[in-house]
Amino acid sequence: LKKQQAASGAMKVVNGRSPPPVPQGSPEKAPVHASYSALSNPEKSSSYLSAMTMSWLSPFVTLGYFRRLEPSDAPPLRPRDDPASQYMTFRRNYDAAGTVWGGVRATFGPRFLLSSAAMAATNVVSLSGPVLLKRLIEFVEKSQDSAE
């Protein structure tokens, strides 16, 4: 197998790392998941916890572990993520607002605001760790100085 990969050029070393080991089993025995039919999106029927952890995507990742993924393997998009649906929403908002910026703001404004709030919260939490650690160290040093 390694000779075939080396001959075809499929095995490449990137940044000094070789690719992951070839999984046991053949591509023909790769798991097939009925939940990825062309009619439904697995995320739509997943629980809140599954959606938050993205575990609904596990069958897709497992399939990619066994064989090269094809576009037909991907689960269908949710209707709200479909480009045609997004275009129609933008077009309606653009016609109502009269400007491109107004159309973009009306179409993607709530998502943008939610993403911005999540990013701000992430920044605050990640920056508060070192500040709290500094305060804790100062408190401990002050306690030791007053004890001596």
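Tutor: Start with Asp81, which has a relative accessible area of 27%. Keep in mind that this is a predicted model.

Student: Why is Asp81 called partly exposed?

Tutor: Buried means under 20%, and exposed means over 50%. Asp81 has 27%, so Asp81 is partly exposed.

Student: What makes Asp81 and Arg111 a salt bridge?

Tutor: The cut-off is 4 Å between a side-chain nitrogen of Lys or Arg and a carboxyl oxygen of Asp or Glu. For Asp81 and Arg111 the N to O value is 3.7 Å. That is within 4 Å, so the pair counts as a salt bridge.

Student: Why is this pair said to tie parts of the chain together?

Tutor: Asp81 lies in the loop between helix 3 and helix 4 (83-97), while Arg111 lies in helix 5. The two parts are 30 residues apart in sequence, so the pair ties them together.

Student: Which residues are linked with Asp81 in a network of salt bridges?

Tutor: Arg78 and Arg111 are linked with Asp81 in that network. Asp81 meets Arg78 at 2.7 Å, N to O. Asp81 also meets Arg111, at 3.7 Å.

Student: How many salt bridges does the structure hold?

Tutor: Five. One of them joins Arg67 and Asp73, with the closest N and O atoms 2.9 Å apart.

Student: Are Arg67 and Asp73 buried or partly exposed?

Tutor: Set each value against the 20% cut-off. Asp73 has 12%, which is under 20%, so Asp73 is buried. Arg67 has 26%, so Arg67 counts as partly exposed.

Student: How do you know that the buried residues of helix 3 line one face?

Tutor: The buried residues of helix 3 are Pro59, Phe60 and Leu63. Seen down the helix axis, they fall within an arc of 100°, so they line one face.

Student: Which residues form the nonpolar patch on the surface?

Tutor: Leu133, Leu136, Ile137, Phe139 and Val140. Together they have about 480 Å² of accessible area.

Methods. Residues are numbered from 1 along each chain as its sequence is written. This is a predicted model: local features need pLDDT of at least 70, side-chain atom pairs count only at pLDDT 80 or more; totals for chains, interfaces and linings use all residues. Side-chain values use heavy atoms; hydrogens and water are left out. Patches are made of residues with over 30% relative accessible area and no salt bridge: like charges are joined within 9 Å, nonpolar side chains (Val, Leu, Ile, Met, Phe, Trp, Tyr) within 5 Å. Accessible areas come from the Shrake-Rupley method with a 1.4 Å probe; for residues, only the protein chains shown count as cover. Buried means under 20% relative accessible area, exposed over 50%, partly exposed in between (1.4 Å probe, protein chains only). Helices (H or I, at least four residues) and strands (E, at least two) are DSSP runs, numbered from the N terminus. The arc is that of the directions from the helix axis to the C-beta atoms.
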